[in-house]
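I opened this notebook to record, step by step, what I looked up in one structure. The entries go from the whole chain to single residues.

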Amino acid sequence: MEKPRTARLLHQLLVLYQRVALYKIRDVRQPAQQTFEYRIEEIMAIAPTSKQANVLVVGANGGIGLGFVKALLNDDSIQTLFATYRSPESAEELLSLEAESPQLKCLKLDITEEEQVVQAIAQISAAVPNLHWVINCVGILHEGDLQPEKSLRQINADQLMRYFQVNSIGAVLLAKHLMPLFKHGDRSVFATVSAKIGSIEDNYLGGWYGYRASKAALNMLMKTTSIEYSRRCPKTIITLLHPGTTDTQLSKPFQRNVPADKLFSVERTVSQLMDIIQNLTFKDNGSFFSWDGSPLPW
Ligand SMILES: NC(=O)c1ccc[n+]([C@@H]2O[C@H](COP(=O)([O-])OP(=O)(O)OC[C@H]3O[C@@H](n4cnc5c(N)ncnc54)[C@H](OP(=O)(O)O)[C@@H]3O)[C@@H](O)[C@H]2O)c1
């Protein structure tokens with residue numbers, strides 16, 4: 001016998017209500033379940049607290065890069081620490097550390113030459129099966145006659161190209177060739193030192209066209225890399241880090257107006273960035289953080 005029209009409508013409403021309720025339960029459960037999975041994976045993650053951790057610091061002869069090398073040499077959980085430099089004449093301190101530290105291996109690398117990236121990574125692959133941390137500290141703000149532009153009058157195409165070659169393209173060349181070394185089952189981190197000045201949303205002051213634009217491009221290249229990596233080496237967390245103004249040769253000519261408490265020592269910067277790297281979780285893949293761990297707008 002056919003149900004009266006009102007009863008049929010009531011029945012349909014009940015079924016719909018049940019479906020919505022079920023969907024909501026699933027919706028609410030999913031993030032909790034995911035968080036639980038993240039926690040388990042992180043508890044089980046070994047790098048870089050196991051004896052097997054292998055680390056690469058790129059641009060290891062600069063202020064922040066060398067600071068990372070010194071800090072990581074004190075970490076006896078690291079098996080091999082690779083560190084890159086451009087010329088032996090300007091890398092005396094780094095090379096003297098290598099002479100006294102059996103775990104430190106220095107490699108020559110100009111990041112603008114893809115062939116050198118391939119060669120350096122081939123040397124790493126011949127020595128270790130995988131990498132757990134890669135920290136890319138390469139960057140230029142000034143270099144010889146190249147100085148940050150104060151106005152459009154100073155825009156020069158060759159200078160812009162140089163900023164992009166060193167600050168943006170180098171990092172994605174690393175990402176291209178390092179991928180095989182990230183294909184393993186342990187948690188790993190590929191961190192690139194960027195700069196808040198590369199944030200488009202945060203640009204209130206203008207100026208420094210090439211440096212700003214090249215850091216914005218770096219951010220986009222690494223964010224895009226993080227998406228491809230999440231499919232092909234899902235245990236790797238890609239992140240971009242703003243170190244804060246740090247007392248190195250890069251910031252030296254521009255430190256005059258920086259209040260003393262806003263100018264960090266290299267040791268402080270390295271310790272702050274290390275804290276962030278150590279506490280990254282898989283959901284931080286493709287993120288941009290400031291030195292205090294707060295997320296930055298793109
Ligand atoms: N210091 C700050 O206040 C500050 C603020 C925001 C962001 N940052 C960023 O932090 C990172 C580290 O800067 P830093 O302050 O440590 O500067 P730094 O002392 O000048 O170090 C820069 C490093 O980049 C390397 N490098 C430059 N061109 C290269 C190339 N073509 N190939 C390979 N390596 C190259 C340098 O190698 P050589 O030793 O061979 O020259 C050096 O190791 C940079 O990305 C910078 O943009 C710094």
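The entries below follow the order in which I looked things up.

**Entry 1: the chain as a whole**

I noted at the start that this is a predicted model. I counted 7 helices and 7 strands in the chain. Reading along the sequence, I found the pattern α-β-α-β-α-β-α-β-α-β-α-β-α-β. The chain has 298 residues, and 34% of them count as buried. I also looked up contacts between residues at least 6 apart in sequence; 71% of these join residues at least 24 apart.

**Entry 2: the sheet**

I then asked in which order the strands of the sheet lie. The 7 strands form an open sheet with the order E3-E2-E1-E4-E5-E6-E7, and their pairing is parallel. Strand E3 (104-108) and strand E7 (287-289) are the edge strands, each of which pairs on one side only. On average, neighbouring strands of this sheet are turned by 20° against each other, with direction ignored.

**Entry 3: from E2 to E3**

I looked at one pair of strands in detail. Strand E2, residues 78-85, pairs with E3 in the parallel sense over 5 bridges. Thr84 has Leu107 in E3 as its bridge partner. Phe82 has Lys105 in E3 as its bridge partner. The chain crosses from E2 through H3 to E3, and I recorded this β-α-β crossover as right-handed. Helix H3, residues 92-100, lies across E2 and E3 and runs at about 140° to E3.

**Entry 4: helix H2**

How many residues of H2 are buried? I found that 8 of its 11 residues are buried, so the helix is mostly covered. The buried residues are Gly63, Ile64, Gly65, Leu66, Gly67, Phe68, Val69 and Leu72. They pack against E1, E2, H3, E4, E5 and helix H7 (266-279). For comparison with this list, I wrote down a general rule: an α-helix has 3.6 residues a turn, so residues three or four places apart point the same way.

**Entry 5: the shell around the ligand**

I turned to the ligand and asked which residues come nearest. Of the 27 residues around the ligand, these are Gly62, Arg86, Gly139, Thr248 and Leu250. The shell divides into 12 nonpolar, 13 polar and 2 charged residues. H2 gives the most to this shell, with 3 residues.

**Entry 6: Leu56**

Why does Leu56 count as buried? It has 26 C-beta neighbours inside 10 Å, and the cut-off for a buried residue is 20 or more. Leaving out residues up to four places away in sequence, Leu56 touches Phe82, Ile124, Leu131 and Val134. One of these, Phe82, is the residue whose bridge partner in E3 is Lys105. I also compared Leu56 with Cys106: the two are 50 residues apart along the chain, and their C-alpha atoms are separated by 9.7 Å.

Terms used: Residues numbered from 1 in each chain as written. Predicted model: local features only at pLDDT ≥ 70, side-chain atom pairs only at ≥ 80, totals over all residues. Pairing = 2+ DSSP bridges. Helix = DSSP H or I, 4+ residues; strand = E, 2+ residues; numbered from the N terminus. Axes fitted to C-alpha atoms, helices over the stretch in contact; angles between N-to-C directions. Contact = placed C-beta atoms within 7 Å. Near = placed C-beta within 6 Å. Nonpolar A, V, L, I, M, F, W, Y, C, P; charged D, E, K, R; others polar. Buried ≥ 20, exposed ≤ 12 C-beta atoms within 10 Å, placed from the backbone. Right-handed = clockwise from strand over helix to strand, strands pointing away.
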